[in-house]
Amino acid sequence: QTPLKATVSHWWTSGGESAAVKQFADAYNKAGGQWVDQAIAGADQARAITINRIVGGNAPVAAQFNTSLQFRDFVEQGLLNNVDDVAAAGKWEQIMPPSILQAIKINGHFYAAPVDIHMPAWFFYSKAAYKKAGITAEPQTWAEFLQQLAKLKAAGVVPLAFGGQVWQEKITFDAIFAMVGGADLYLKVYRDRDQQAVMSPAFRQVLVEFKKLKGFVDAGSPGRNWNDATAMVVQGKAGVQIMGDWAKGEFAAARQVAGKDYGCFPGFGPKAPYIVAGDAFVFPKTNDANAVKAQKLLANVMTSPAAQVAFAARKGAIPIRGDVDESQLDLCARLGLAIMKDKSRQLPNTEMLASPDTTGALQDVLTKYWNKNQSPEDAQKAFSRAIRDE
Amino acid sequence: MDHLIDHDRIAAAPRPRRSLAWTPARIGVYAFLIVAALFFLLPLYVMLVTSVKPMEEIRLGTLFALPHNLTLEPWRQAWSSACTGLECDGIRGGFWNSVAIVVPSTVLSIAIGAVNGYALSFWRPRGAGVLFAVLMMGAFIPAQVMIYPLVRMLAAASLFSSLPGIIIIHTIFGMPVMTLLFRNYYAALPLELFKAARIDGGGFWRIFLQLMLPMSTPVIVVAAIMQVTGIWNDFLLGLVFAGSEHLPMTVQLNNIINTTTGERLYNVNMAATILTSIVPLALYFISGRWFVRGIASGAVKG
Amino acid sequence: MSNVAIRDLQIQLGGNKVIESLSLDVKAGEFVVLLGPSGCGKSTLLHSIAGLIDSAGGQIEIGGKDMTWADPKDRGIALVFQSYALYPTMNVEANMSFGLRISGTPKAEIARRVSRASEMLQLGPLLKRKPANLSGGQRQRVAIGRAIVREAQVMLFDEPLSNLDAKLRTELRRELKQLHKQLGATMIYVTHDQVEAMTLAQRMAVMKGGVVQQFDTPDIVYNEPANLFVAGFLGSPGMNLFNGTVERRDGGVIFSNQHLSVDVSGYAFKHALTGRQACVLGVRPEDIDIGAGLACASVSLIEAMGAQRLVWLDFHGTQVAALVQDQSRIETESVIGFSVRPQRVSLFDSVSELRM
Amino acid sequence: MSNVAIRDLQIQLGGNKVIESLSLDVKAGEFVVLLGPSGCGKSTLLHSIAGLIDSAGGQIEIGGKDMTWADPKDRGIALVFQSYALYPTMNVEANMSFGLRISGTPKAEIARRVSRASEMLQLGPLLKRKPANLSGGQRQRVAIGRAIVREAQVMLFDEPLSNLDAKLRTELRRELKQLHKQLGATMIYVTHDQVEAMTLAQRMAVMKGGVVQQFDTPDIVYNEPANLFVAGFLGSPGMNLFNGTVERRDGGVIFSNQHLSVDVSGYAFKHALTGRQACVLGVRPEDIDIGAGLACASVSLIEAMGAQRLVWLDFHGTQVAALVQDQSRIETESVIGFSVRPQRVSLFDSVSELRM
Amino acid sequence: MTRKRQSVSFAAYIAMIPMALTVLLAYLGTMLWTARVSVSSSRTFPSGDFVGASQYIRLFNNERWLLSLQNVAVYGLLFIVACLVIGFLLAVFIDQKVMAEGALRTVFLYPYAMSFVATGLVWQWILNPELGVQQVLRQLGWADAQFDWIVDQDMAIYTIVIATVWQASGLVMALMLSGLRGVDEEIWKAARIDGIPRWRVYVSIVLPMLKPSLSTAFVLLFVMVVKVFDAVVAMTQGGPGTASEVPAKFIMDYLFGRANIGLASAASIVLLLTVLAIVAPLYFVRSRRAASGA
Ligand SMILES: Nc1ncnc2c1ncn2[C@@H]1O[C@H](COP(=O)(O)OP(=O)(O)OP(=O)(O)O)[C@@H](O)[C@H]1O
Ligand SMILES: Nc1ncnc2c1ncn2[C@@H]1O[C@H](COP(=O)(O)OP(=O)(O)OP(=O)(O)O)[C@@H](O)[C@H]1O
Ligand SMILES: [Mg+2]
Ligand SMILES: [Mg+2]
């Protein structure tokens, strides 16, 4: 019997990511398949290639997307196969967090296999820098956090390691939004597109607080890559960075250990919201029976507990399911996995709630507000327009 | 008195080659060139230095400093073990694919551009002017906008995901500029040469191949510089149209450099970038002797 | 052996009407020389015969076929460019053989023709040089060679010898004449050298401003110019011209003005002379005898020209040139008598400027 | 008013030794004409005087100063290029005035010079045209104009009139002479036109293969050529040459060979003749009298040349040219007698080829 | 117009076939396709509906788009002028029979061979006030050296100019050099006789003779301007804020990241029309001048 050949397109190209994706490949090969890797760096790029390959009649067996609305158009065009039977067999409905399910289950069918959960708004801090500034505990409130930033500043370190690129600005904003505005407001604005909520004083306050961070970033921040910002924390040049959990890879590369050299917390206090994002694979439509079999096998293998934990450990993410062997995971991931058990703390990130177009428009609004002298009121108006604009 | 001055002059006159004398003007020339060269080399210096530093040193952010612990590991890694997805074979993997794409694409696009330019400046077939105008407009459409319809066309012609497919695509995208380049070059040649060749009974192809092409070396060099560089460095079109068996080297390069959320190894990135550029750089260096002087010399009084 | 017939040719270049309406009939195998002042349209005419310039009107017939719109290569012509137009990337040999190679002439035949031309033009040692490394005259010879090897039915030469020394020029002149005999090709030849024109031409056309002024044998053109322009243009210097009147008197015909009077009784008038008529008398320098005569003039300049001398006389304010063959002593500033040979004069109507 | 002195000049081009060792002394204000076969190095010489070609040895002195390595612009020269070398993107006016504008000549002065040159060269209506839209002769005139307006101390002309018609050529010749007088500039002038050479030159240099063969007044060069080459090169055609021996006999000096014998008693030998010596006798076509004489030859060709005719005689296998002035009847193929004017011959040593 | 020559070789028409096919299918085809998509509500995939000018309306209500146009105008002007000037100067200076001509040529040309993905990063570092030139100057004791354009709202676009000029002027140099080498030696000689200073020869004689090369270079640079993308993404990502946004990046964002090819197509069409509006008059003037033969 020839192995089930599966071309898999994804954008995991760095060393750590390669190690992670290898877990999937090994698992798949062991399960009787043959993994053909198609790595393409850059998420936008990779998705564009996938689109074109599908159009040109040369689709991969599986293609990576973010767990979001990105592939909604594919479904509407009837370009994807569903994996309903795998989902049913694997009891996805029960084991997966609702925000993920919401993204992959469209019109009652499962069109994607989620493979990891990223929390894009962790707070990483340098223990050395905190020591230097005389801070001993993680902040429990937003106000406390601001005070700590001020202390760090006084101690001569850059308080907030910040990469001034739109997507990083957006992550930071969403973190603040979730913390300061609360989950309700967050959902009202992002999910329900509630104009009133956007124009509310509470939202205005979120904007104001967000902008306060501007006082704690250094002059070199605009355009900085996230990993350069992380490097500042690694070296103790900066105090805190708000970044996705993939940043742990940089700490690891510098041989720093969570809890020892640096700390991580997902928000302020025990009830802080936990923003959920992640990656998923979709399965382009094909009539080739073998390919369909391969797709199902892939969906099954990639969501299996063993592969999940092996993958997440190397990727810096957390598994999509709780029933895994946590010992392989690091401190932060274990913390995340624990939080995931509390469904009330989960918040979907914007990509899951709004179309890529709208998300982009929001980024435009935020970057302007962050970088220019725009009043919060004007930003509110722009925000409301961007949300309305479909 | 006159006598003496004459002797002085003779003594002072640099005997062998006047043109190499160190006049103030010449010193100025060299000063300008050296300053310009330094400016141009600055980024390369940073790239080179970065490529031989370990990551710890790079994180320090001392950009211009020479490496403390010089390491060639990044180069080795870039060449043979950097990961792009599952494979960790460095950038060497696509080298021959790139060659297989670049050589025919460059030759074909230059050939077609030269023929077009030649026909446009000397023969002016009816309607060619309009075609050329539209072609030039086409140069301004972002290539990415064109990809989708082109994919469908090539798929319809069963050329999608094949070597001929990507060669055709590069030829299409190169055509406006190549045509323009050659058209303008030929427009500057004396028309009498063309007339003489017509009298000699030269037809369209003869005149082109035996008279115009030999006179085109400088512009062919420029065209080759542009096409080889452009096609060698392209990865988007290669990625979309070449099919997975023919992925060019730059796909690996891009995969190594362009990671979004994985860790970034700047030293490997720089080494990989420099390594990938070796082929065009070699071309630049070699091309020099083809910039000959005085093409029109002796052809026409004017 | 093709004739060349041009009818009502019109040519515009960059907005200028260079040739307005030109007709010229060159018989098959004839050797025709074009003469005319610089910029009168000679090169333009040759180029349009060759099909290199589109005509704005009229017709060009070569070998009995209408070739007005034919391709240059189908006209059976060869052309020596005034500007040489050598192929800069080819050596002399390749420059000459290019056309033959294109037409697929056998190698041996090419070699034969090239070696013959290069011998005739003394290009032997230069065969492997590129045009940029040649002197002006050498380039010109290569240009001639390129035309010669084609052995075309109609050969067009645009001032082919202007950069050559007298010796070579004389030789080549002879060789071209020889070639003409041998090939029997029709030749149209532009030159400014009147000796060349006289010796080569079976007929010569004198042009001015895109219009043919006279087209006849050299003898007739020289001795019986059709109009004042031709009279003044040909010869170096041209005819001496005297304004005056001509009338029947004392049983003869007399030309006279204030200072001069010539008995032109033997003159062959085209139309019978009626009454007294304003006219211009023209006489060539060689037809003025110096030393004796009724008219007196002072010598203003003597130009030695090797075998002979050109004496410029100041005759009541007009300069009169006289060609003196003998070695007799003449001094500048001296006053001297001269006479006009009456049987050698030409008369032109003052108004129409045409020969009477 | 600068002299030009060239000493032992050596020039190499592309590996060829074009000029091996050339010396030439041109006095201040002199008008010197360079003559020589195509490719003998005339243009090369002019270019090296102008400083456009680096010499491989020797010295060039202009106006008393060593200019061997001076910049062209510092040499006080103007040069008309054989290939014109007009600036293709500038119109005629700009071509002429560019150098002046650069040197900061006042506007009025520029206008004056340009208008004078363009009048002299009849370029008036063409001032706004670009070179590409001019005829060959018009381009040449622009090239002359560009040199003239510079009013330089030394003016170099490389075949400046080769593309012009005879009439214009005569006029310009006169104008250049005039200009020379007026400016007093030193002029070195390359031409192939012997009439031009004869009429313009104060002295002329005849070159061959990069070596000056004779440098003297036109009269002397024409009548007493220094060697066989000059004898054959000058004149069109050149001297008729007869091999033979010369010896003192019967109280006189006699040149003789199998068929011809000439009494050259009056000949001014440079060195006294000793015994019998092999030599070459040269005589110009115009010094051969036809119709009477001891020698008989058959007429092989008659070339009409307007005022005179060139009769080619077949004299025992050698072609002898005779210039005939009168209108007497001569027919080809007929046998005719001729004689050589003994007072006009030149004698050359058979071995050294130098004038005896 | 006079009658056209009828004898244009048949081969000339054959030779134009590849160009004709390319133009008709690839260029005209995609232009029409793009125009069609721009009046539909297409998102990730083209859809066949018709929504009139609504994408265009949305486009022109988009601040970022308007800013992009403005930026690209400023950028384009500076970039083209700088590249032409520097490229020409480099070509001229290299043409002075200098030593190591080949090496110098390569030095000026090498940036063109390097992917901006990496060199853009290097430029980002060099220009970064905390890492690059400013920092070095300060360490050298020039305490208030200020060179922070890349993080400055008003100056960021100029840093893109610097980096792209660095990349492209070598190419202009090569183009100019190929033109320069086609200038007849005799012209130089004539100018030397006329006593024209070398720089003046270049400006007044050679430069006009290089018009074809110049116009090639100009079009090339213009295309680069319209398509400028890599450099912006690699150096500033359009920032700080939207200070260095450019149309090509806008189009790319909407084409892929934001999955709205309708809007992206509308933007492409607008861009194309803008280019036409700039180029057409130039073209018209030129062809008029050529026709009048002056
Ligand atoms: N660039 C060059 N490289 C090699 N040889 C050259 C070069 N230029 C000229 N020559 C040779 O040098 C010789 C002298 O050339 P030059 O141009 O001075 O001749 P010239 O006397 O002006 O002849 P003409 O009367 O034909 O113009 C010629 O034989 C020519 O072939
Ligand atoms: N491309 C052109 N555009 C405009 N006018 C032109 C063009 N070419 C030539 N002319 C003009 O046409 C006229 C005839 O030119 P042509 O070259 O035929 O003269 P020519 O008789 O050969 O003169 P020459 O004896 O000087 O070579 C000239 O007055 C010239 O200025
Ligand atoms: Mg002409
Ligand atoms: Mg010469």
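This is a predicted model: local features need pLDDT of at least 70, side-chain atom pairs count only at pLDDT 80 or more; totals for chains, interfaces and linings use all residues.
Over residues 201–226 of chain E, the chain is 96% helix and 0% strand, with the end C-alpha atoms 33 Å apart. We will begin with the helical stretches and then move on to the ligands and the metal ions.

**Helical stretches in chains E and B**

The stretch we began with belongs to a list in the UniProt record. In an unreviewed entry, UniProt annotates "transmembrane region" at residues 12–33, 72–94, 106–126, 156–180, 201–226 and 261–285 of chain E. The span 261–285 of chain E is 100% helix and 0% strand, and its end C-alpha atoms lie 36 Å apart.

| Span | Helix and strand | Distance between end C-alpha atoms |
|---|---|---|
| Residues 27–48, chain B | 100% helix, 0% strand | 29 Å |
| Residues 95–118, chain B | 100% helix, 0% strand | 34 Å |
| Residues 201–226, chain E | 96% helix, 0% strand | 33 Å |
| Residues 261–285, chain E | 100% helix, 0% strand | 36 Å |

How many helices and strands does chain B contain? Chain B has 14 helices and zero strands. Of the 302 residues in chain B, 62% count as buried.

The UniProt record, in an unreviewed entry, places "domain: ABC transporter" at residues 4–234 of chain C. This span is 36% helix and 26% strand, and its end C-alpha atoms are 25 Å apart.

**Ligand 1, between chains C and D**

Where does ligand 1 sit? Ligand 1 lies between chains C and D. There are 22 residues around ligand 1, and the nearest are R129(C), S135(C), G137(C), S43(D) and T44(D). Several parts of the fold take part: α4 (136–148) of chain C, together with β2 (16–26) and α1 of chain D, each supply at least two residues of the shell.

A polar side-chain atom of S135(C) is 2.6 Å from an oxygen atom of ligand 1. N133(C) uses its backbone instead, with an N or O atom 3.2 Å from an oxygen atom of ligand 1. From chain D, the side chain of E159(D) has an N or O atom 3.3 Å from an oxygen atom of ligand 1. On its own, ligand 1 has 640 Å² of accessible area, and the protein covers 89% of it.

**Ligand 2, shared by chains C and D**

Why can the site of ligand 2 be called shared between chains? The site is shared because residues from chains C and D surround ligand 2. Of the 22 residues around ligand 2, those that come nearest are S43(C), T44(C), R129(D), S135(D) and G137(D). The elements that each give at least two residues to this shell are β2 (16–26) and α1 of chain C, along with α4 (136–148) of chain D. The shell around ligand 2 divides into five nonpolar, 14 polar and three charged residues.

Polar atoms of both chains reach ligand 2. A polar backbone atom of G137(D) lies 2.6 Å from an oxygen atom of ligand 2, and a polar backbone atom of G41(C) lies 2.8 Å from one. The side chain of Q82(C) has an N or O atom 2.9 Å from an oxygen atom of ligand 2. Taken alone, ligand 2 exposes 640 Å², of which the protein buries 89%.

**Two magnesium ions**

Which protein atoms are donors to the magnesium ion called ligand 3? They are OG of S43(C) and OE1 of Q82(C), lying 1.8 to 2.1 Å from the ion. This pair links distant parts of chain C: S43(C) is in helix α1 (residues 42–50) and Q82(C) is in the loop between β6 (77–80) and α2 (92–102), 39 residues apart. Q82(C) has a relative accessible area of 11%, so this residue counts as buried.

Chain D holds donors for the other magnesium ion, ligand 4: S43(D) through OG and Q82(D) through OE1, at 1.8 to 2.1 Å. S43(D) lies in helix α1 (residues 42–50) of chain D and Q82(D) in the loop between β6 (77–80) and α2 (92–102), so the pair ties together parts that are 39 residues apart in sequence. Is Q82(D) buried or exposed? Q82(D) is buried, because its relative accessible area is 9%, under the 20% cut-off.

Terms used. Residues are numbered from 1 along each chain as its sequence is written. Chains are lettered from A and ligands numbered from 1 in the order in which they are written. Side-chain values use heavy atoms; hydrogens and water are left out. Donors are N, O and S atoms within 2.8 Å of the metal (3.2 Å for Na, K and Ca); water is not among the atoms, so sites may look incomplete. Helices (H or I, at least four residues) and strands (E, at least two) are DSSP runs, numbered from the N terminus. Buried means under 20% relative accessible area, exposed over 50%, partly exposed in between (1.4 Å probe, protein chains only). UniProt positions are given in the numbering used here, feature names are shortened, and annotations may be inferred rather than shown by experiment. A residue is near a molecule or strand if one of its heavy atoms lies within 4 Å of it. A polar contact is a pair of N or O atoms within 3.5 Å; within protein, one must be able to donate a hydrogen and the other to accept it, and residues adjacent in sequence count only if both atoms are side-chain atoms. Accessible areas come from the Shrake-Rupley method with a 1.4 Å probe; for residues, only the protein chains shown count as cover. Ala, Val, Leu, Ile, Met, Phe, Trp, Tyr, Cys and Pro count as nonpolar, Asp, Glu, Lys and Arg as charged, and the others, Gly among them, as polar.
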